[in-house]
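Subject: Structure handover and findings

Dear colleague,

Please find the structure below, together with its sequence.

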Amino acid sequence: MNINLERLSQAKVTSALMIINVIVFVLMSLSGGSESIENLIRFGANSKILVGEGDWWRLFTASFIHIGFFHIMFNMYFLYNIGPIFERLYGSVGFLIIYLVCGIFGNLVSYAFGDVYTVSAGASTSLYGLLGIAIGMMVVYRDDAILHSFGASFVSIVVINVIYSFLMPGVGVLGHLGGFVGGFILANALPVVGRDLSIPRQVVAGLATLALAFILIRIGNKSLLGV
């Protein structure tokens, strides 16, 4: 894989996210391994039981933790390729919001519907959010030929990744789905740089995000009753 440093220098948030992910992975590898359940929990992986007991911060930190070398290699390669594109489209702040919110959303869906004893982690929740926002752009900007075509160009990528998620053992399908839905909603809330979205659309999308997050929390909490 050839790394274009000039490209990364122009995408500061993407670069920072990649560096943080790699640093966390190295620290985990040097202090017990990235595939040790105990170490994953210690570093902040998503654990349904622990989140239910009050470790809500895990919904955030889990997106920066990876299970094994190939896991982080695949995700960082994906982030390297598409992160700068979306950072240019939404600006550094907008891109960071999308990345973090989609990561949390993916982990929330895992909390709501996942197995009680499952431990999950990975940036793929956020990355699927970028796929979701691309498809969302295709809908939101359907009268804008350039942005509509850009969104449509991701359809095949989404299909391939969905098939991969269901066929590969150990892949967190729920987290991927949650991140994707989060991204699709955010496409209605955050405008592309140089484009406008109506205030009512943004308000409705923002409220929908909060409402869905609340519902997911309630479902997750209820599923833990009696455990």
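**Findings**

T125 is part of helix 7, which covers residues 124-140; helices (H or I, at least four residues) are DSSP runs numbered from the N terminus. The model is a predicted one, in which local features need pLDDT of at least 70 and side-chain atom pairs count only at pLDDT 80 or more, while totals for chains, interfaces and linings use all residues. Residues are numbered from 1 along each chain as its sequence is written, and side-chain values use heavy atoms, with hydrogens and water left out.

**Surroundings of T125**

T125 counts as buried because its relative accessibility is 5%; buried means under 20% relative accessible area, exposed over 50%, and partly exposed in between (1.4 Å probe, protein chains only). Its side chain makes a polar contact with the side chain of S63 at 3.2 Å. The side chain of T125 also reaches the backbone oxygen of G122, at 3.4 Å. A polar contact is a pair of N or O atoms within 3.5 Å; within protein, one must be able to donate a hydrogen and the other to accept it, and residues adjacent in sequence count only if both atoms are side-chain atoms. Not counting residues up to four places away in sequence, T125 touches S63, C102, G103, G106, N107, G175 and G179, where contact means heavy atoms within 4.5 Å.

N161, found in helix 9 (residues 155-167), is buried as well, with a relative accessible area of 9%. Leaving aside neighbours within four places in sequence, N161 is in contact with Y128 and L131.

**Salt bridges**

Side chains of opposite charge can pair when their charged atoms come close. A salt bridge is taken here as a side-chain nitrogen of Lys or Arg within 4 Å of a carboxyl oxygen of Asp or Glu, and by this rule the count comes to two. One joins R195 to D144, with the closest N and O atoms 2.7 Å apart. This pair links distant parts of the chain, 51 residues apart: R195 is in the loop between helix 10 (173-186) and helix 11, and D144 is in the loop between helix 7 and helix 8 (145-152). R195 is partly exposed at 29% relative accessible area, whereas D144 is buried at 17%. The other salt bridge is formed by D55 and R58, whose closest N and O atoms are 3.1 Å apart; R58 counts as buried, at 4% relative accessibility.

**Helix 11 and the annotated spans**

F113, L174, F214, I215 and I219 make a nonpolar surface patch of about 450 Å². Such a patch is made of residues with over 30% relative accessible area and no salt bridge, with nonpolar side chains (Val, Leu, Ile, Met, Phe, Trp, Tyr) joined within 5 Å; areas come from the Shrake-Rupley method with a 1.4 Å probe. Helix 11 (residues 199-223) gives the most to this patch, with three residues. I219, in helix 11, is partly exposed at 31% relative accessible area. V203 also lies in helix 11 and is partly exposed, at 44%.

The unreviewed UniProt entry lists residues 12-30, 56-80, 92-113, 119-140, 147-167, 173-191 and 203-220 under "transmembrane region"; such annotations may be inferred rather than shown by experiment. Residues 203-220 are 100% helix, with end C-alpha atoms 26 Å apart. Residues 92-113 are likewise 100% helix, with end C-alpha atoms 32 Å apart.

Yours sincerely

Note on methods
Helices (H or I, at least four residues) and strands (E, at least two) are DSSP runs, numbered from the N terminus. Patches are made of residues with over 30% relative accessible area and no salt bridge: like charges are joined within 9 Å, nonpolar side chains (Val, Leu, Ile, Met, Phe, Trp, Tyr) within 5 Å.
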